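Dear colleague,

I am passing on the structure we spoke about, with the sequence and the model shown just below.

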Amino acid sequence: MITAQLLGFNSFIPRFATAKGEEMLKGVNYASGAAGIRDESGRQLSDNISMNEQLQNYQTTVSQISKILGSDTAAASYLKTCLFTVGIGSNDYINTYFMPNSYPTTRQYMYTPGQYAKVLAERYSQQLKVNDQTLYEGGARKLALLGLGRIGCTPAELASFGPSPGSNCVEKINYAVLLFNTQLVSLVDELTKDFRDAKFTYINVYEFGSADLKDFDFKVTDMGCCSGRNPCLPSTTPCKNRSEYVVWDRFHSTEAVNVIFGQRAFKAQTPSDVHPIDISILSKL
């Protein structure tokens, strides 16, 4: 939402389940809690809409836009001016790779972190470009791919694994995430080479979290504002000083952190924040 505000939006983009008519022309949100690149990711929590299913929903939206604008050609012309942001993959680690008892097909003894990162990135690549059920084939021409953050520093992973020696985070998880992010940078380069009529960029969310967040007046970095390292339930009373917390619940960052991250995604502060351009530039191309 922060980046959307910086782009000039004054309200939330509607979610797919409720978006109707011309409302869809300002954008649609396809996100689903616990969903991943892999269809099975996060299923131990509840039903979710995986990346493949989200792509199917996007194709439904494209068909509806074609009807609204009068033709497929008009829809294609409109969609190529739109900005697409894709942030997915955390649950393929939190709720899949590092839960081997629930997901035996991704047990660590079947894939090293490097092998898993490669397999996951290859599947992601297919979802973006290979067949009819992809963003590119559906008309997307401006795509920002969000890298994964430091999920090894979240309260949930700290509660499950404990911090690594000499660190405040679970470094084996952060290491695995970095391997996947490296694959994403290569994927952006590959997409840029293969599709000259489109623009792609990588947003280095991991880098955003490398700053000493205490410099931004955050006082609590390893506990969630809601329930510390325990699940945030409807009956739970959250902390009163939420602007001092980095994490809202066991996994998700607070609005105060999202503001910082959103601003850096929109307008890069360092060359390593994005590859190769930030969202402010991408949106104008």
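**The chain as a whole**

The secondary structure of the protein chain comprises 10 helices and six strands. Its radius of gyration is 19 Å, close to the 19 Å that the globule rule gives for 285 residues, so the chain is as compact as a globular protein of that length. Please keep in mind while reading that this is a predicted model.

Taken along the principal axes, the box filled by the C-alpha atoms of the protein chain is roughly 60 × 45 × 40 Å. Among the contacts with a separation of 6 or more, 63% are made by residues 24 or more positions apart. As for charge, the chain has 27 positive and 27 negative charges, and their mean positions are 1 Å apart.

**Helix H5**

Helix H5, which covers residues 113-129, has 17 residues and reaches 24 Å from its first C-alpha to its last, close to the 24 Å expected at 1.5 Å a residue. The buried residues of H5 are Tyr116, Ala117, Leu120, Ala121, Tyr124, Ser125, Gln127, Leu128 and Lys129.

**Two residues and their surroundings**

Thr3 lies in helix H1, and with a relative accessible area of 17% it is counted as buried, because that value is under the 20% cut-off. Once residues up to four places away in sequence are set aside, Thr3 touches Gly262, Ala265, Phe266 and Ile279.

Ile49 sits in the loop between helix H1 (2-6) and H2, and its relative accessible area of 34% makes Ile49 partly exposed. Apart from neighbours within four places in sequence, Ile49 is in contact with Ser32, Ala35, Gln54 and Asn57. Between the C-alpha atoms of Ile49 and Tyr136, which are 87 residues apart along the chain, the separation is 20 Å.

**Backbone points to look at**

Most residues other than glycine have a negative phi, and most peptide bonds are trans. With that in mind, I would draw your attention to the following places in the model.

The peptide bond from His275 to Pro276 is cis, with omega near 0°, and Pro276 itself is found in the loop between strand S6 (274-275) and helix H10 (279-282).

Ala34 has a phi near 75°, a positive value in a residue other than glycine. Ala34 belongs to the loop between H1 and H2, and it is buried, with a relative accessible area of 15%.

Ser227 likewise has a positive phi, near 80°, and is a residue other than glycine; its place is in the loop between strand S4 (220-224) and strand S5 (245-247).

Note on methods:
Residues numbered from 1 in each chain as written. Predicted model: local features only at pLDDT ≥ 70, side-chain atom pairs only at ≥ 80, totals over all residues. Heavy atoms only, no water. Helix = DSSP H or I, 4+ residues; strand = E, 2+ residues; numbered from the N terminus. Rg over C-alpha atoms; globule rule 2.2 N^0.38 Å. Contact = heavy atoms within 4.5 Å. Lys, Arg positive; Asp, Glu negative; His and termini not counted. Charge placed at Lys NZ, Arg CZ, Asp CG, Glu CD. Expected span 1.5 Å × (residues − 1). Buried < 20%, exposed > 50% of the residue type's maximum accessible area, 1.4 Å probe, protein only.
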